[in-house]
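Dear colleague,

Please find below the structure that I am passing on to you, followed by an account of what was found in it.

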Amino acid sequence: MPDHAISDHPRVQAQLERLAKLAPGGDTLGLERISALLARLGHPERRLPPVFHVAGTNGKGSTCAFLRAAIEAEGLKAHVYTSPHLVRFNERVRLAGKLIEDEHLADLLAETLDAADGIAPTFFEATTAAAFLAFSREPADACILEVGLGGRLDATNVVPEPAVCGIAQLGLDHQAFLGNSIEAIAAEKAGIAKPGVPLVTLNYPTRVGERIGDAAAEAGAVWLPKGGTWDVTADQQKLLYRDEEGKLDLPLPRLHGAHQAMNAALAIAMLRHQGAVRVREPSLRAAMGWADWPARLQRLGPGPLHDLLPRGSELWLDGGHNPAAARAVADFLRGHVPAGRPFHMIVGLLENKDAAGVLKPFGGRVITVHPVPVPGHTHHSPAGLASAAREAGLSAVPALGVESALAWIARHADRAEPPIVLILGSLYLAGEVLRANGQVPS
């Protein structure tokens, strides 16, 4: 089933089964189907609160989390649309601050799918239309939209006049849809630019920045890259932001990893370069501690999986699945794992992901990799991942699944020096882990 969408609610499950019968996995990007479907639904995309539209290869979901935290800290309400979900499909649609309820979700999906007869939308297009329908009917102060794939031809890109657009970190991923070069991918992401609308971005290599600048100019957007009208630096204790309105001295985000400081800064810059939603400095400060985004360098608490390990062990989870995401995780762990501390990685990757690229950032360290399947999805075989790990200079012990890998680690652990374990490589695998450990996102 597309995006592993299942539900224990019978009415929602019935609609998810209808969704699964839509366009097959080799979806063709385009705005024709979503536009036709939204027209039949009365154009809900034209009746949204001020929209914050976020694209990027990595970090766009975290940026959305910081936006939401800041807006809610201001006492305002935000709709949020993100993908994919981790455990429950409902995670994709946050309605005025709360995950959408099952009955409401079932009704919206049914209404959308009934209207889609003859249009043949994709899974993502239908779910995007349902989210817009929900957002158009419930009052809120802002609407945060995460791009699903690319930008220019993504279903979310039908919103005519967002308040502000943003682009997070860029890297190689989804090349079959977006192109085989970082420049081509940048141009696709910058396709969310709109006339007269601020396009706030991070700073990129010259050729990548030129492609974004060209796309912004062609659209008539106002391009605001990091290092121009706004900038940020971060040390071990503070995030120092500045723009034409002044300087902000903020605490570092609670979310782990230096890359999260850049995602937080992008959210701040987006908020401060639009005029539709006012968010003051105290709310930006609060957002650094409030923002939560599961399965992104998340340290798991006690639960059935965590408790398989010896007392004193650490169990971490990250859904990163491309080389750029892996580098960010490796950078964090390089400073977190003490020299000599036993370190294991449980890795599951979808078949279309770059196994060598994901493993390379961890090379040169004493790490045991445990390749596992990704349940319900076409994935790299554990044996193939083991070969890639060994080529990266890592030892490898394939396992039948996460639980069996954790059991192996526990059997071979030194009780005097409990291990640190990272589960990496797939948001789908991350969802299975959260479910099994009893940490379902709320």
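Helices and strands here are DSSP runs numbered from the N terminus (helices: H or I, at least four residues; strands: E, at least two), and two strands count as paired if DSSP finds at least two bridges between them.

Before the details, a note on the basis of the values. This is a predicted model, in which local features need pLDDT of at least 70 and side-chain atom pairs count only at pLDDT 80 or more, whereas totals for chains, interfaces and linings use all residues. Residues are numbered from 1 along each chain as its sequence is written, and side-chain values use heavy atoms, with hydrogens and water left out.

**Confidence and overall form**

The mean pLDDT (the predictor's confidence in each residue, from 0 to 100) of the protein chain is 93, and 96% of its residues reach 70 or more. Over residues 172–179, however, pLDDT stays under 50; the model has 27 contacts for this stretch beyond four places in sequence, a contact being heavy atoms within 4.5 Å. Where pLDDT is low, the predicted coordinates should not be read in detail.

The protein chain comes to 15 helices and 17 strands. Its radius of gyration is 21 Å, which agrees with the value near 22 Å that a compact globule of 442 residues would have; the radius is taken over C-alpha atoms, and the globule rule is 2.2 Å times the number of residues to the power 0.38. The C-alpha trace spans about 60 × 50 × 40 Å along its principal axes. Of the 442 residues, 59% count as buried (buried is under 20% relative accessible area, exposed over 50%, partly exposed in between, with a 1.4 Å probe and protein chains only). Among contacts between residues at least 6 apart in sequence, 75% join residues at least 24 apart.

Strand β7 (residues 198–201) runs parallel to β8 and is joined to it by four bridges. V200 has L224 in β8 as its bridge partner.

In the loop between β2 and β3 lies P84. The peptide bond from S83 to P84 is cis, with omega near -5°.

**The six-stranded sheet**

A further open sheet has six strands in the order β12-β13-β17-β14-β15-β16, again with mixed pairing. Its edges are β12 (298–299) and β16 (395–396), each with a single partner strand, so one side of each lacks a neighbour in the sheet. Helix α14 (residues 402–411) packs on this sheet, touching β13 (314–318), β14, β15 and β17 (420–424), and its direction makes about 165° with that of β14. Four bridges join β14 (residues 343–347) to β15 (residues 368–371) in parallel, and V347 stands opposite P371 in β15.

L297 lies in the loop between α10 (281–290) and β12. Phi of L297 is near 45°, a positive value in a residue other than glycine, and at 2% relative accessibility L297 counts as buried. A positive phi, of about 55°, is also found at A120, likewise not a glycine, in the loop between α4 (102–115) and α5 (123–137).

Strands β9 and β10 form a hairpin with three residues between them. Five bridges join β9 (residues 230–234) to β10 (residues 238–243), and the two run antiparallel; V232 has Y241 in β10 as its bridge partner.

L252, in the loop between β11 (246–251) and α9 (259–272), touches A234, D235, Q236, Q237, K238, L239 and M288, not counting residues up to four places away in sequence. At 27% relative accessibility, L252 counts as partly exposed.

With kind regards

Methods:
Axes are lines fitted to C-alpha atoms, for helices over the stretch in contact, and angles run from 0 to 180 degrees between N-to-C directions.
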